[in-house]
Amino acid sequence: MKTTRDIHDLVGGLLMTAAGIFFALYGQRYTFGEAARMGPGYFPVVLGWALAVLGVLVALPAWWRRGTGITVQWNNLLWCIAALLAFAFTLHPLGVVLASFFAALLSLVPSAMALRTRLTVCAVVAVLTTLIFPIGLQMILPLWPWSS
């Protein structure tokens, strides 16, 4: 189905612009500083305006480009939301490793990949989640159910 505009890039660019403007304006509540001595508001303001400009650069050409309509994949959306909720509710009882493995497994339910591949992806997600949050960022989270 053809539409008159490239809705995907138009909506994406407008959302990027809105998010960039929000962060740039909200970041002005903090001390800005200067490039040599950045304040807490420098980073969100500069990156916010950069994101807003990039959003405009994505949205403007999409206004004149033809595209296809948006189709929402409700099944995928449902399983992704279920995976997020499962992770939130199982993080403390099961620990980071098992909760992230289970959440990744739930998010792959609508996928057509083989079971061995799914389990491999879930294991990689669990390892990366563990390396990033409890180890890299030193967040105080239980790794396993018995380490609470």
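**View 1. Helix α1 passes helix α2 in a left-handed crossing.** The crossing is left-handed in that the near helix is turned anticlockwise from the far one by less than a right angle. The contact of α1 with α2 divides into 19 nonpolar, 5 polar and 1 charged residues. Here Ala, Val, Leu, Ile, Met, Phe, Trp, Tyr, Cys and Pro count as nonpolar, Asp, Glu, Lys and Arg as charged, and the others, Gly among them, as polar. This is a predicted model: local features need pLDDT of at least 70, side-chain atom pairs count only at pLDDT 80 or more, and totals for chains, interfaces and linings use all residues. Residues are numbered from 1 along each chain as its sequence is written, and side-chain values use heavy atoms, without hydrogens and water.

**View 2. α1 (residues 7–26) and α2 (residues 42–64) pack at an angle of about 160°.** Their axes lie 7 Å apart. The two helices are therefore roughly antiparallel (angle over 145 degrees).

**View 3. R65 and D6 meet in a salt bridge (3.0 Å, N to O).** A salt bridge is a side-chain nitrogen of Lys or Arg within 4 Å of a carboxyl oxygen of Asp or Glu. R65 lies in the loop between α2 and β2 (67–68), D6 in the loop between β1 (2–3) and α1, so the pair ties together parts 59 residues apart in sequence. D6 is buried at 11% relative accessibility (buried is under 20% relative accessible area, exposed over 50%, partly exposed in between; 1.4 Å probe, protein chains only).

**View 4. R65 also meets D9 in a salt bridge (2.7 Å, N to O).** D9 lies in helix α1, so this pair ties together parts 56 residues apart in sequence. D9 is partly exposed at 31%. R65 is partly exposed at 34%. Shared partners join D6, D9 and R65 into one network.

Note on methods: Axes are lines fitted to C-alpha atoms, for helices over the stretch in contact, and angles run from 0 to 180 degrees between N-to-C directions. Helices (H or I, at least four residues) and strands (E, at least two) are DSSP runs, numbered from the N terminus. Angles under 35 degrees count as roughly parallel, over 145 as roughly antiparallel, 65 to 115 as roughly perpendicular and the rest as oblique.
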